[in-house]
Amino acid sequence: MNTTGYFDTIYADTELPHRCKAVYIYLRDRADPCGSCWPGIKTIAADLGLSRSTVKRALNELVQRGYLTKAARYRSNGSHTSNLYRLQ
């Protein structure tokens, strides 16, 4: 994952709400070297002291603005598990 310009992008985006910045930094802190991570929304919310709906809003805004991509993940029995997030 390219770390060049990290501060130039996320902090310089004056229209990006603080909830999005907090969630992005959280994901970046937990991402592997390729920029992928898969924490659950409940975990993110608990760790950041935010509501689940606030985390969902932040994730959707980050996807819309191109800061990350989100892909659904499934267990072998077909049930949904945490999403895969890839930081851009």
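In which sense do strand β2 and β3 pair, and over how many bridges? Keep in mind that this is a predicted model. The pairing is antiparallel, and six bridges hold the count for β2, residues 68-74, with β3. Pick out one of them: K70 has Y85 in β3 as its bridge partner.

Now the turn. Five residues sit between the strands in the hairpin of β2 and β3. Look at G78 there. G78 takes a positive phi, near 95°.

β3 has another partner. Strand β1, residues 36-37, is joined to β3 by two bridges. These two strands also run antiparallel.

Next, the core. The largest nonpolar core has 20 residues. Which of them touch the most other members? They are V23, L27, L59, L62, L68 and Y85. The top contributor is α2, with five residues.

Let me zoom in on two of those residues. Start with L68. Setting aside residues up to four places away in sequence, L68 touches L27, L59, L62, V63, Y85, R86, L87 and Q88.

Then L62, in helix α4. Is L62 buried or exposed? Its relative accessible area is 0%, and buried means under 20%, so L62 is buried. Beyond its neighbours within four places in sequence, L62 is in contact with L16, C20, V23, Y24, Y67 and L68. L62 and E15 are 47 residues apart in sequence, yet 12 Å apart in space, C-alpha to C-alpha.

Last item, the helix pair. Two packed helices are described by the angle between their axes and the distance between the axes. For α3 and α4, the angle is about 110° and the axes are 9 Å apart. Angles of 65 to 115 degrees count as roughly perpendicular, so α3 is roughly perpendicular to α4. Who makes the contact? From α3, I41, K42, I44 and A45; from α4, R52, V55, K56 and L59. What kinds of residue are they? Five are nonpolar, three are charged, and none is polar. Note L59 in that contact. L59 is also among the core residues that touch the most other members.

That's my tour. Over to you.

Methods:
Residues are numbered from 1 along each chain as its sequence is written. This is a predicted model: local features need pLDDT of at least 70, side-chain atom pairs count only at pLDDT 80 or more; totals for chains, interfaces and linings use all residues. Side-chain values use heavy atoms; hydrogens and water are left out. A nonpolar core is a set of buried Ala, Val, Leu, Ile, Met, Phe, Trp, Tyr and Cys residues joined through side-chain atoms within 4.5 Å. Buried means under 20% relative accessible area, exposed over 50%, partly exposed in between (1.4 Å probe, protein chains only). Helices (H or I, at least four residues) and strands (E, at least two) are DSSP runs, numbered from the N terminus. Contact means heavy atoms within 4.5 Å. Two strands pair if DSSP finds at least two bridges between them. Axes are lines fitted to C-alpha atoms, for helices over the stretch in contact, and angles run from 0 to 180 degrees between N-to-C directions. Angles under 35 degrees count as roughly parallel, over 145 as roughly antiparallel, 65 to 115 as roughly perpendicular and the rest as oblique. Ala, Val, Leu, Ile, Met, Phe, Trp, Tyr, Cys and Pro count as nonpolar, Asp, Glu, Lys and Arg as charged, and the others, Gly among them, as polar.
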